[in-house]
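The stops below are given in the order in which to select them.

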Amino acid sequence: MQKKISKLPFQGTPEQAQQLKDVIEENKHDKSRLMAVMQKAQDIYGYLPMEVQQMIADGMEVPLEKVFGVASFYAQFSLSPKGQYNVSVCLGTACYVKGAQKVLDSLKEKLAIDVDECTADGKFSLQACRCIGACGLGPVLTVNDEVYGKLTSDDIPGIIAKYNA
């Protein structure tokens with residue numbers, strides 16, 4: 001599954017930029033520290049937008065293509081911001097056969113975003129995952145650390161309303 005690049009405008013702060021510059025300064029002597037710098041950058045910004053990848057590439061003196069290649073290959077890196085409420089739908093086999101795709105489609109419609117996107121207000125982000133280990137409750141979704149099971153698409157408006165209050 002290919003990662004999506006955020007369509008939302010980048011909104012980094014000068015404080016975040018300084019934090020990243022400090023991390024790069026500590027590590028720029030050793031190109032093998034690229035992933036560590038990228039992990040710290042994601043800790044600082046919450047994701048790795050193209051602007052941050054460019055700062056890393058420039059500071060570490062590596063091609064932007066290398067930074068993007070690492071960011072897009074490894075599952076630990078996100079190219080899109082996470083919302084205040086990160087909604088993740090399990091698409092593992094047990095959940096999928098019990099209707100998880102319909103639940104996901106209902107969420108996409110209700111939130112007006114696709115998988116790996118964030119609502120414009122920064123409130124919700126949507127992800128699909130493979131298995132969260134609650135197969136007996138399928139289909140399952142999580143909102144941050146809260147688990148919802150035995151779902152149908154009819155349950156989605158009420159779940160979203162709870163977080164919109």
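**Before selecting anything**

This is a predicted model, in which local features need pLDDT of at least 70 and side-chain atom pairs count only at pLDDT 80 or more, while totals for chains, interfaces and linings use all residues. Residues are numbered from 1 along each chain as its sequence is written, and side-chain values use heavy atoms, with hydrogens and water left out.

**Whole chain**

Show the cartoon. The protein has seven helices and five strands; helices (H or I, at least four residues) and strands (E, at least two) are DSSP runs, numbered from the N terminus. Read from the N terminus, the order is α-α-α-α-β-α-α-β-β-β-β-α. The C-alpha trace spans about 55 × 30 × 20 Å along its principal axes. Of the 165 residues, 43% count as buried. Buried means under 20% relative accessible area, exposed over 50%, and partly exposed in between, with a 1.4 Å probe and protein chains only. Contact means heavy atoms within 4.5 Å. Among contacts with a separation of 6 or more, 64% are between residues 24 or more positions apart.

**Helices 1 and 3**

Select residues 14-27 (helix 1) and residues 50-60 (helix 3): they pack at an angle of about 30°, with their axes 9 Å apart. Helix 1 is therefore roughly parallel to helix 3. Axes are lines fitted to C-alpha atoms, for helices over the stretch in contact, and angles run from 0 to 180 degrees between N-to-C directions. Angles under 35 degrees count as roughly parallel, over 145 as roughly antiparallel, 65 to 115 as roughly perpendicular, and the rest as oblique.

The crossing of helix 1 and helix 3 is right-handed. A crossing is right-handed if the near helix is turned clockwise from the far one by less than a right angle, and left-handed if anticlockwise. Show side chains: Leu-20, Ile-24 and Asn-27 of helix 1 meet Val-52, Met-55, Ile-56, Gly-59 and Met-60 of helix 3. By class, the residues of this contact are six nonpolar, two polar and no charged. Here Ala, Val, Leu, Ile, Met, Phe, Trp, Tyr, Cys and Pro count as nonpolar, Asp, Glu, Lys and Arg as charged, and the others, Gly among them, as polar.

**Helix 4 and its partners**

On the helix 3 side, select Met-50, Gln-53, Gln-54, Ile-56 and Ala-57, which meet Leu-64, Val-67, Phe-68 and Ala-71 in helix 4. This contact has seven nonpolar, two polar and no charged residues.

The axes of helix 2 and helix 4 (residues 64-73) come within 11 Å and cross at roughly 70°. That makes helix 2 roughly perpendicular to helix 4. Leu-34, Met-35 and Met-38 in helix 2 meet Lys-66, Val-67, Val-70 and Ala-71 in helix 4. The contact of helix 2 with helix 4 divides into six nonpolar, no polar and one charged residues.

**The cores**

Which residues have the most contacts inside the largest nonpolar core? They are Val-89, Leu-107, Leu-141 and Val-143, in a core of 27 residues. A nonpolar core is a set of buried Ala, Val, Leu, Ile, Met, Phe, Trp, Tyr and Cys residues joined through side-chain atoms within 4.5 Å. Strand 1 (85-90), helix 6 (100-111), strand 3 (124-129), strand 4 (141-143) and helix 7 (156-164) each supply at least two residues of this core. Helix 6 gives the largest share, five residues. Apart from this core lies another, of 21 residues, among them Ile-24, Val-37, Val-52 and Leu-79.

**Single residues**

Select Ser-88 in strand 1. Ser-88 counts as buried at 11% relative accessibility, and touches Gln-127, Cys-129, Val-140, Leu-141 and Thr-142, not counting residues up to four places away in sequence.

Move to Gln-127 in strand 3, which is partly exposed with a relative accessible area of 22%.

Finish at Gln-11, in the segment before helix 1. Gln-11 is exposed, with a relative accessible area of 66%. From Gln-11 to His-29, 18 residues apart in sequence, the C-alpha to C-alpha distance is 28 Å.
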